[in-house]
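Me: Please go through this structure with me in short questions. The sequence and model come first.

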Amino acid sequence: MRAGPDVIRFRSVLAVQLGWVFDDNDVPQLTEVLRRRVDAAGLPPTAYLRRLAGGGWDSELSALAEDLTINETYFFRHGEQFRALAEIVLPERIQDRYAQRVLRMLSVGCSSGEEAYTMGIVAREAQPHPDWIVAVLGLDASAAVLRQAERAVYSAWSLRETPDAVRERWFRPQDGDYVLDPRIRAAVRFRRYNVATEDELLWRAGQYDVIFCRNLLMYLTPELRESLIERMTRALVTGGYLFLGHTDSLGTRPEGLEPRHTHGAFYYRRSGTTAPAPRAVPAEPVRTAPPRPLPPPAPAPVASRSAYDKALGLLRDERFADALACMEAGLGAAPSSRELLLHCVLLAQAGRLEEAEMGCRRLLDADGLYADAHHQLGVCLEGGASVDVAVGHYRLAAYLDPGFAMPRLRLGLLARRRGERDAAGVELERALDLLRQETEDRLTLFGGGFGRIALTALCRAELESGGVRR
């Protein structure tokens, strides 16, 4: 569907006023949202867009934030990150904060509150004594979802990943729903906030121990994304931690942050000092209740080898349509990660980039450290309009698996295209070295029909043709 002039203008205004970026795949949704909001405002489209562009229309921006976002969330979503929070991050922050006895945390893009309240629950169960202050602030641009958050009443579906012991301790059944314990509600407050606006007090340097900002960065313009990362980094205390969504990448060497990965989770620590060595914690009175363990990761499904191997063989023979048909016919109810990855590769080769991207994001929801899925998501995004985000996923794939040649090759080719000769030389030389040991399956999946010899020749030709050989 081609965007009309009003939708093009609408997309531009949203980028300025909310910092959100939309591609051509979003045109049908934007067209429908614009129609609804124009009708609700009782203005002609031109007048509506002029008023929206002028700024100061906060109620309308809130309505647009509600219409344009998907607020699918639940308690303990991506439990591996909360295990890292409970077992690594908070014990370290408690040691550093023992004199102040205060933990301050921030949830950016908190939606209807489940993430912020989960942070509060985990912190409450980690605090060594009841006299500690736990303060969590949740931010979101939508007033409607914040009203839901402040009610703190949730359905069983919102608690589907919540451990039974946690549910029994911190929730009370009521009319088929669950009401959150007042002690957690008292520790968490909410505020409507548009990340496209500055706020010196909110982002004051060194005030938060932990910040969660999951699956928001990918929707922002590159300029706003960089600005928000800078603000969050600055607002963390030295030794504080930043958790992002599995689809958000800062590359391997983000300024001011040190990448960490434990518990199957990838996150960042504010640099400046080395992590404190474990030390004895002063004795305290017995807690009112022991910490509750988080649920173990779900076991990986068993792959159906026949469909996978047959489709991979067809891909190796460059029978792409047959491989996709075979894979789609063979996908069971619980496909393995490698089956889903192959399906994503074949979807992308067939030009079905949106489906391939969604599949990659599902893989990363299940395992944020899956280097192959980060690489394939980069391929999907590079084929669309998000090259900068693709670069981040290639870098993350290369960081997670230093022996992985293909993301180095893609990074080198992109740098060459941009005229960044030195960066291209580094990446292509590294890819050339790694291609010697690259696995045959990865060459088949990500080589685009080229084998080891052809890819090696491509690297050498790119190095020599642009004067980028080191």
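This is a predicted model: local features need pLDDT of at least 70, side-chain atom pairs count only at pLDDT 80 or more; totals for chains, interfaces and linings use all residues.

Reply: Residues are numbered from 1 along each chain as its sequence is written, and side-chain values use heavy atoms, with hydrogens and water left out.

Me: Is cysteine 344 buried or exposed?
Reply: Buried means under 20% relative accessible area, exposed over 50%, and partly exposed in between (1.4 Å probe, protein chains only). Cysteine 344 has 3% relative accessibility, so this residue counts as buried.

Me: How many disulfides are there?
Reply: A disulfide is a pair of cysteine sulfur atoms within 2.5 Å. By that rule the count is zero. Cysteine 344 is in no disulfide, as its nearest cysteine sulfur, on cysteine 360, lies at 4.0 Å.

Me: How many residues of helix 6 are buried?
Reply: Helices (H or I, at least four residues) and strands (E, at least two) are DSSP runs, numbered from the N terminus. Helix 6 covers residues 114-126, and its buried residues include Tyr117, Met119, Ile121 and Val122. Of its 13 residues, the buried ones number twelve.

Me: What percentage of the residues in the protein chain is buried?
Reply: The protein chain has 20 helices and ten strands. Cysteine 459, at a relative accessible area of 0%, is buried. Across the 470 residues of the protein chain, the buried share is 51%.

How values were computed:
The expected span of a helix is 1.5 Å times one less than its number of residues.
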